[in-house]
Amino acid sequence: MQSANIDLRSDTVTKPSKLMLNAMMAAEVGDDVFKDDPTVNNLEKRVANLFGMESALFCPSGTMTNQLAIKVHCPPGSEVICHEESHIYLYEGGGIALNAQSSVRTLPGERGRIKAYQIADSINDLNDIHKPISRMVGIENTMNKGGGSIYDFREIVKIREACNWNNLILHLDGARLFNALVETKETPADYGRVFDSISICMSKGLGCPVGSLLLGTDPFIDKAKRFRKAMGGGWRQAGFLAAAALFALDNNVERLKEDHYRAKQLGEMLKIQSYVKNIYPIETNIVIFELPTTILATDFVATLAQHGLRCVPFGKHLVRFVTHLDFTDAHLEKVDKILGKVCL
């Protein structure tokens, strides 16, 4: 058995480059709980300004930033409207119920994206005491379970209008938003004008070891900071991690296009394999492909691991690859050879 040396399980597996590590070690730090860490303060101000929002809060993870947003926006007994395969619903430990004591209305949608008309049709009657109060809409861009699909910004504007008409909060799980931004004409400020709150992850395609940011108004962030403390998320000399995020903003955004190019190359390699039934359209850095019903994804993933390639099952017959800054052209060539010699 060959030890696995190519890791496409996620873009979270990256390690800081030497230049990023140098920036981290040179960071000026303080106690962030006392608001005394200048590098954290600098990062929060910079990202808030980038999106044209009032304030930002640096947190350990995207799950925390999403859950803080829901906790602040949704009093107990509220309902969150989102896609049935959204991260906030599937992959955050039941946090909507656990933290916000709220329920969820899930909607179907092509490759993880919902439409404004679906939202309008799903809002509960305020006068019906049997139902929770529709409070918040959450969308994800890019959409993980949709194969890194990108929302059409025109549809997002329509969703904003539907929220305005119905007095709903609009939150963005933007874990991989920068992947969308480098492929479209929109700017961070465009998103800041549309959403009430935004979660941005720095430890995925941007290559940081830890960290996500929550953006919103000053009062919103003040409340989120209180809940972050209650969740044990207050940290001290976090400037070392904030320095990595600042480095990533300067150096690792435009290069996301390289990850997208390699993802498309992987798609071309998979097209010619007899064991590949279907491939989701590839827009960014996520490649999801379907196997025949005779092949279990868990078995296929185990076989690839034996050949030195790590990935994850994404359904009974679905497999996911995710490209990232540690996945090079040399790795791409090796994957091509591995895919060609797999026998199932």
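How many bridges join strand 6 (residues 169–174) to strand 7? There are 4 bridges, and the two strands run parallel.

## Basis of the report

This is a predicted model, in which local features need pLDDT of at least 70 and side-chain atom pairs count only at pLDDT 80 or more, while totals for chains, interfaces and linings use all residues. Residues are numbered from 1 along each chain as its sequence is written, and side-chain values use heavy atoms, with hydrogens and water left out.

Helices (H or I, at least four residues) and strands (E, at least two) are DSSP runs, numbered from the N terminus. Two strands pair if DSSP finds at least two bridges between them.

An open sheet is formed by 7 strands in the order 2-8-7-6-5-3-4, with mixed pairing. At its edges are strand 2 (55–59) and strand 4 (103–107), each of which pairs on one side only. From one strand to the next the twist averages 20°. Angles run from 0 to 180 degrees between N-to-C directions, and axes are lines fitted to C-alpha atoms, for helices over the stretch in contact. Strands of a sheet pair through backbone hydrogen bonds, either parallel or antiparallel.

Strand 2 runs antiparallel to strand 8 (residues 212–216), and 5 bridges join them. Cys59 has Ser212 of strand 8 as its bridge partner. Helix 2 (residues 38–51) lies across strand 2, strand 7 (197–201) and strand 8, at about 130° to strand 2.

## Strand 7

Strand 7 is largely enclosed by the rest of the structure, because 5 of its 5 residues are buried. Buried means under 20% relative accessible area, exposed means over 50%, and partly exposed lies in between (1.4 Å probe, protein chains only). Ser197, Ser199 and Cys201 are buried on one side of the strand, and Ile198 and Ile200 are buried on the other.

Ser197 of strand 7 stands opposite His171. Strand 7 also pairs with strand 8, in the antiparallel sense and over 4 bridges. There, Ile198 has Leu215 of strand 8 as its bridge partner.

## Nonpolar cores

A nonpolar core is a set of buried Ala, Val, Leu, Ile, Met, Phe, Trp, Tyr and Cys residues joined through side-chain atoms within 4.5 Å. The largest has 54 residues, and those with the most contacts inside it are Phe51, Val137 and Tyr191. Helix 11 (residues 239–251) supplies the largest share of this core, 8 residues. A second, separate core has 28 residues, including Ile279, Ala297, Val319 and Leu339. In soluble globular proteins, nonpolar side chains tend to be buried together.

Contact means heavy atoms within 4.5 Å. Not counting residues up to four places away in sequence, Val137 touches several residues, among them Ile81, Ile114, Ile159, Leu170 and His171.

## Aromatic pairs

The structure holds 7 aromatic pairs. Rings of Phe, Tyr and Trp (its six-membered ring) pair if their centres lie within 6.5 Å; planes under 30 degrees apart count as stacked, over 60 as edge-to-face and the rest as tilted. Tyr191 and Phe195 form a stacked pair, 6.0 Å centre to centre and with 5° between the planes. Tyr191 is buried at 1% relative accessibility, and Phe195 is buried at 4%.

Phe289 and Phe300 have ring centres 5.9 Å apart and planes at 80°, so this pair is edge-to-face. Phe289 lies in strand 10 (residues 286–290) and Phe300 in helix 13 (residues 297–306), so the pair ties together parts 11 residues apart in sequence. Phe289 is buried at 0% relative accessibility, as is Phe300 at 0%. Ring pairs link Tyr275, Phe289, Phe300 and Phe321 into a cluster.

Asp11 lies in the loop between strand 1 (6–7) and helix 1 (18–25), and is buried at 0% relative accessibility. Its side chain makes polar contacts with the side chains of Arg176 (2.8 Å) and Asn285 (2.9 Å). A polar contact is a pair of N or O atoms within 3.5 Å; within protein, one must be able to donate a hydrogen and the other to accept it, and residues adjacent in sequence count only if both atoms are side-chain atoms.

Glu79, in strand 3 (residues 78–83), is buried with a relative accessible area of 5%. Ile133, in strand 5 (residues 133–140), is partly exposed at 34% relative accessibility. Leaving out residues up to four places away in sequence, Ile133 touches Gly77, Ser78, Glu79 and Leu126.
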